[in-house]
Amino acid sequence: MIPLEDFPSHINSLTKEDWNKLFALIPKIEQTKSFGKVVIDKKSKSRVQQFPYVEFNSLGREFLALIDELKLIVVFDWMSWKEGKQMLDDKNYEGLDAVALCKLITTIVRADRFSEGYLLSAFEDGDMLTILKELKKQVQNDKEIIF
């Protein structure tokens, strides 16, 4: 994870090939109807009931591995980021810069740790696809990301 103050230089250091690994997921996401499932009421051999949890399909796991590999999770106070919450509520990501879009990805992924299923819903309602498409547009249009 990269601190916010170092993040613009980090994403500027990513190569076209690095970004293309992530952007190659866009057509796969567009063609996918289900990204995983919520597993409920699964009992272990000791008859202990488990809490519901999300089981991602291979595409969901690939996405998580790539954002980890590319270090696209930003260290910042995402829980207090009111503008980001408003952006997610409004579903308006057009024109946001690459840093803000990565902050939104961070917010979704981190929020999923507290509310399991949040990331799954971001895929299924199209938010993650829209964010990735906008990120691709911004990365391809910007010579250098400026903070």
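Trainee: Which residues does Ile105 touch, not counting those up to four places away in sequence?
Mentor: Ile105 touches Phe63, Ile67, Met128, Ile131, Leu132 and Leu135. Contact here means heavy atoms within 4.5 Å.

Trainee: Before I go on, what am I looking at, and how is it numbered?
Mentor: It's a predicted model, where local features need pLDDT of at least 70, side-chain atom pairs count only at pLDDT 80 or more, and totals for chains, interfaces and linings use all residues. Residues are numbered from 1 along each chain as its sequence is written, and side-chain values use heavy atoms, with hydrogens and water left out.

Trainee: OK. Which residues touch the most other members of the largest nonpolar core?
Mentor: Ile105 is one of them, along with Trp19, Leu22, Phe63, Leu72, Leu104 and Leu135, out of 49 residues in that core. Helix H6 (residues 98-114) gives the most to this core, with 10 residues. A nonpolar core is a set of buried Ala, Val, Leu, Ile, Met, Phe, Trp, Tyr and Cys residues joined through side-chain atoms within 4.5 Å. Buried is under 20% relative accessible area, exposed is over 50%, and partly exposed is in between (1.4 Å probe, protein chains only). Helices (H or I, at least four residues) and strands (E, at least two) are DSSP runs, numbered from the N terminus.

Trainee: Switching to H5: which of its residues are buried?
Mentor: Gly84, Met87 and Leu88. They sit on the same side of H5, because they cover an arc of only 95 degrees around the axis; the arc is that of the directions from the helix axis to the C-beta atoms. Lys82 and Lys85 are exposed on the face turned away from that buried side.

Trainee: And what do the buried residues of H5 pack against?
Mentor: H6, helix H7 (118-124) and helix H8 (127-141). Take Leu88: leaving aside neighbours within four places in sequence, its contacts are Tyr93, Leu104, Thr107, Ile108, Tyr118, Asp127 and Ile131.

Trainee: Why does Leu88 count as buried?
Mentor: Because its relative accessibility is 8%.
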